[in-house]
Amino acid sequence: MDFPQGLKDWRRLRRLSQLRLALEAEVSPRHLAFLETGRARPSRQMVLRLAEVLALPRGDCNGLLAAAGFAAQYPALPLDAAELAAARRAMDWTIARHAPYPALILDRLWVIVAMNDPAQRLFGPAGLLPGVSMLALMATPGLPGQLIENWGEVGHHTLGRLRAESAAAGGIPQIDRAVAALAADPDVAAWRPTGGGRVVIPAVYRLGQARLPLISTNARFGTAEEVVLADMKIELMIPDGPDAEALLLAV
């Protein structure tokens, strides 16, 4: 990718005109047009300003800087790096304190990084363990429906979430492939909104003869400057009602 094409692609992805981007980045429309055609070269600060206005993910900001001939702005470290020790402790603390409710940590590609003990007890027998890709599991024909009673509905909402994540990042091939697989899933394709007026949709997990409805929320580091950490998600699951809570406490 060269810088002019990269800038143009991101501007179009964000559905901004040259004039609107120029105004928000406080640069003249003429200069922005020259940047997109390669007639002008950006300064490092200009690249960072444009990346901020375009809301580029940390890794993609680094990529745009590299395309313009500059060094990366944000570090990209392995999760076991000493610099990430405090963040790792925070994530481990969060999922451990969420017990007896299940919680897990997912990376950018929905690979399970860590799980608390309740999550391992509940989902481990179904093959959901650290190192496993949730994208691969969701794209396996028939498997999600065996685990989740209302998979058509849950899969429909997951499909929207995956599309939004990929679009925000300018396209993530692994997620886009999972989106295609989910869109082709018969249960997901057949689901239609019922207009029931519910506030939140639980995923109803099958545990032998038992039903376990869980609602889910996710947490992220709001001020992460490191590439991997900025994309990390902490999924926290909460029982939907007293029967579900009693079942969790009994597991």
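Helix axes here are lines fitted to C-alpha atoms over the stretch in contact, and the angles between them run from 0 to 180 degrees between N-to-C directions. Helices (H or I, at least four residues) and strands (E, at least two) are DSSP runs, numbered from the N terminus.

Please keep in mind that this is a predicted model, in which local features need pLDDT of at least 70 and side-chain atom pairs count only at pLDDT 80 or more, while totals for chains, interfaces and linings use all residues. Residues are numbered from 1 along each chain as its sequence is written, and side-chain values use heavy atoms, with hydrogens and water left out.

| Helix pair | Axes come within | Crossing angle |
|---|---|---|
| α1 (residues 3-13) and α5 (residues 58-67) | 8 Å | roughly 145 degrees |
| α10 (residues 151-168) and α11 (residues 173-184) | 9 Å | roughly 150 degrees |

Let's take α10 and α11 to begin with. These two helices are roughly antiparallel to each other, a label for angles over 145 degrees. Their contact (heavy atoms within 4.5 Å) involves residues of α10 including Trp-151, Gly-155, Leu-159 and Leu-162, and residues of α11 including Ile-175, Val-179 and Leu-182. Sorted by class, that contact has eight nonpolar, three polar and three charged residues.

Now for α1 and α5. Phe-3, Gly-6, Leu-7 and Trp-10 of α1 meet Asp-60, Leu-64 and Ala-67 of α5.

**The cores**

A nonpolar core is a set of buried Ala, Val, Leu, Ile, Met, Phe, Trp, Tyr and Cys residues joined through side-chain atoms within 4.5 Å. Buried means under 20% relative accessible area and exposed over 50%, with partly exposed in between (1.4 Å probe, protein chains only).

The largest such core has 34 residues, and the members touching the most others are Trp-110, Phe-123, Met-138, Leu-162 and Tyr-205. Leaving aside residues up to four places away in sequence, Phe-123 touches Pro-102, Met-115, Leu-128, Tyr-205, Leu-214 and Met-237. Another core, of 26 residues, lies apart from it, with Phe-3, Leu-7, Trp-10 and Leu-65 among its members.

**Two single residues**

Asp-231 sits in the loop between α13 (227-230) and β5 (233-239). Its relative accessibility is 17%, so Asp-231 counts as buried. Not counting residues up to four places away in sequence, Asp-231 touches Leu-106, Asp-107, Arg-108 and Arg-220.

Pro-186 belongs to helix α12 (residues 186-190) and is exposed, with a relative accessible area of 62%. Pro-186 and Gly-152 are 34 residues apart in sequence, yet their C-alpha atoms are 8.1 Å apart in space.

Notes
Angles under 35 degrees count as roughly parallel, over 145 as roughly antiparallel, 65 to 115 as roughly perpendicular and the rest as oblique. Ala, Val, Leu, Ile, Met, Phe, Trp, Tyr, Cys and Pro count as nonpolar, Asp, Glu, Lys and Arg as charged, and the others, Gly among them, as polar.
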